[in-house]
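Please have the sequence and the model open while reading.

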Amino acid sequence: YAFEVTEPYYKNEYAYLQSELSALDIDMTDVSISLFDSSSEARELAEESFGKDYVETVYEEESLNDESIQDLLDAEEAQTLIYDELIATFTLLDNGKRWTLDEILGDMTLDYDSFYRLYDAYCAALNESAGEIFLKQLEIRNQIAQKMGYGSYAAYCYDCYERDYTIGDAQKLQNAVKKYIVPVFVAANARNDTYDLYGASFDEQTFLSQFRTATNDFSPLTGEAFAYMSTNDLCDLTVDSHKMGGSFTTYISDYRAPFIFSQWTGSASDITTVIHEFGHFTSYYLNAASGYSASDSLDLAEVDSQALTLLMTDYYGLFYGDLAKLAETDLLIDCMYSLVSGCMEDEFQQTIYQNPDMTLDEINALYKELAVEYGLDDVYGYQGTEWVLISHTFQTPMYYISYAIGMVPSLELYEELQTNPEAAKAAYFSIVQRTQYAKFRTVVEENGLSDVFSEATIREIGSLLNQYT
């Protein structure tokens, strides 16, 4: 389906499987609960056989899913599939020429005014269509939350992701990011000139050869994972208009193998995207039981990927040549963007799900308002329609905060890299090879890293980023 989002057969098959597997999951949960509750001996045997965490997770799932919402889940998924096709095929007609987003972003002949005129027009036009899809999802999701007894769909999602922090904790992080990260982010962008970096082109095969060298040098663990990936063709970077937008890493259970899905356009960001996804790949490869067959923390999964991108900066000379220093600075600015946008998108969705009767105009106005608060309007100039480009909002609602949460310990590992590279690597692989059902805050603390939700932690991160950018 991801390779051919415009093909009705795959779309229909995907929707069918999503629905049937969801129903099967409910049946499995019901029969498991019946078994566990049949006697104290049965419960003890289940905990002994499968682990106490597994049994507790089954009980948690029972409270988060029910046959009564199956039709709503199917209806929600149907809208997601419509969005997938729209985002993969949408073009802007401008003065007789049709533009894809990639063409707008990749055309280095466009001057500043022409680029932003096209980009803003593209977002505004897409917003009209995608916004209507989201409004339908919003109505459905609000019904799901109500049926499951939640005050908002955001709270329901937080529980579905089994996060070990609350919406209130996330709001503390959002306030700290506005206070300590946003000013550094705005200032760093004002003095950073990335034209040479993003005017350059990078060859896919050359990079993959360089990356093989880097992964072997970084650790035998990453070297082994890369060899497995390349030997078995477990990475597809081809560019195709029928492919789903964005990048992801998944686990193909029949092959017992991870797989990276992306598109190599030759831009500087392709390098960091592949390293990011390879962090997920390495986690699956080294610890598939935790990442695939067990419920794993989204926030720790983003440490797997984001931390590796930062820990690989020692090899930027190999990847980027004379542009290495500029690329590292750009990466750190991008890390700030992850912190800022991760918090902003979460606050954006929290507000919408608390007020599910909002109109599209009101949603766009909210996004513009938050872009001002988070400095993104200052840096890029927002009109409020750009949120429809964030596929997670449609596909995996309330996910985006995990990019910000996972970035904090990732940046602490980067700081450790400057003085004690082996300790930074050891902590990284300890996180990657975590136990099943490990909780984010516990794993972070066990590896000597700071509390993400402490204002003091974010203040220190702000000082670090100010120093290195």
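Leaving aside neighbours within four places in sequence, Glu77 is in contact with Tyr14 and Gln18, where contact means heavy atoms within 4.5 Å. The model is a predicted one, in which local features need pLDDT of at least 70 and side-chain atom pairs count only at pLDDT 80 or more, while totals for chains, interfaces and linings use all residues. Residues are numbered from 1 along each chain as its sequence is written, and side-chain values use heavy atoms, with hydrogens and water left out.

**Glu77, a buried charge**

- Glu77 belongs to helix H4, residues 70-89; helices (H or I, at least four residues) are DSSP runs numbered from the N terminus.
- Glu77 is buried but has no salt bridge, and the nearest side chain of opposite charge, that of Arg141, is 7.7 Å away.
- Buried means under 20% relative accessible area, exposed over 50%, and partly exposed in between, with a 1.4 Å probe and protein chains only.
- A salt bridge is a side-chain nitrogen of Lys or Arg within 4 Å of a carboxyl oxygen of Asp or Glu; in terms of charge, Lys and Arg count as positive and Asp and Glu as negative, whereas His and the chain ends are not counted.

**Salt bridges**

- By this rule, the count comes to 13 salt bridges.
- One of them joins the side chains of Glu347 and Lys178 at 3.2 Å, N to O, and this pair links distant parts of the chain, with Glu347 in helix H17 (residues 324-354) and Lys178 in helix H8 (residues 167-180), 169 residues apart.
- Glu347 is buried, with a relative accessible area of 17%, whereas Lys178 counts as partly exposed at 21%.
- Lys243 forms a salt bridge with Asp236, in which the closest N and O atoms are 2.9 Å apart, and Lys243 is buried because its relative accessible area is 3%.
- Lys425 forms a salt bridge with Glu422, with 4.0 Å between the closest N and O atoms; both residues lie in helix H22, three residues apart, which is about one turn of the helix.
- Within that pair, Lys425 is buried at 13% relative accessible area, while Glu422 is exposed at 56%.

**Surface patches**

- Patches are made of residues with over 30% relative accessible area and no salt bridge, like charges being joined within 9 Å and nonpolar side chains (Val, Leu, Ile, Met, Phe, Trp, Tyr) within 5 Å.
- A patch of negative charge on the surface gathers Asp25, Asp27, Asp30, Asp37, Glu62, Asp66 and Glu67, and its largest share, three residues, comes from helix H1 (residues 8-36).
- Asp27 lies in helix H1 and is partly exposed, with a relative accessible area of 42%.
- Tyr16, Leu17, Leu21, Leu24, Met28 and Val31 form a nonpolar surface patch with about 590 Å² of accessible area together, areas being computed by the Shrake-Rupley method with a 1.4 Å probe.
- Leu24 likewise lies in helix H1, and Leu24 counts as partly exposed at 45% relative accessibility.

**Lys439**

- Lys439 is placed in the loop between helix H22 (421-432) and helix H23 (440-446), and counts as partly exposed at 33% relative accessibility.
- Not counting residues up to four places away in sequence, Lys439 touches Glu162, Asp164 and Leu300.
- The C-alpha atoms of Lys439 and Leu64 are separated by 19 Å, the two residues being 375 residues apart along the chain.

Note on methods: The place of a charge is taken as NZ of Lys, CZ of Arg, CG of Asp or CD of Glu. Helices (H or I, at least four residues) and strands (E, at least two) are DSSP runs, numbered from the N terminus.
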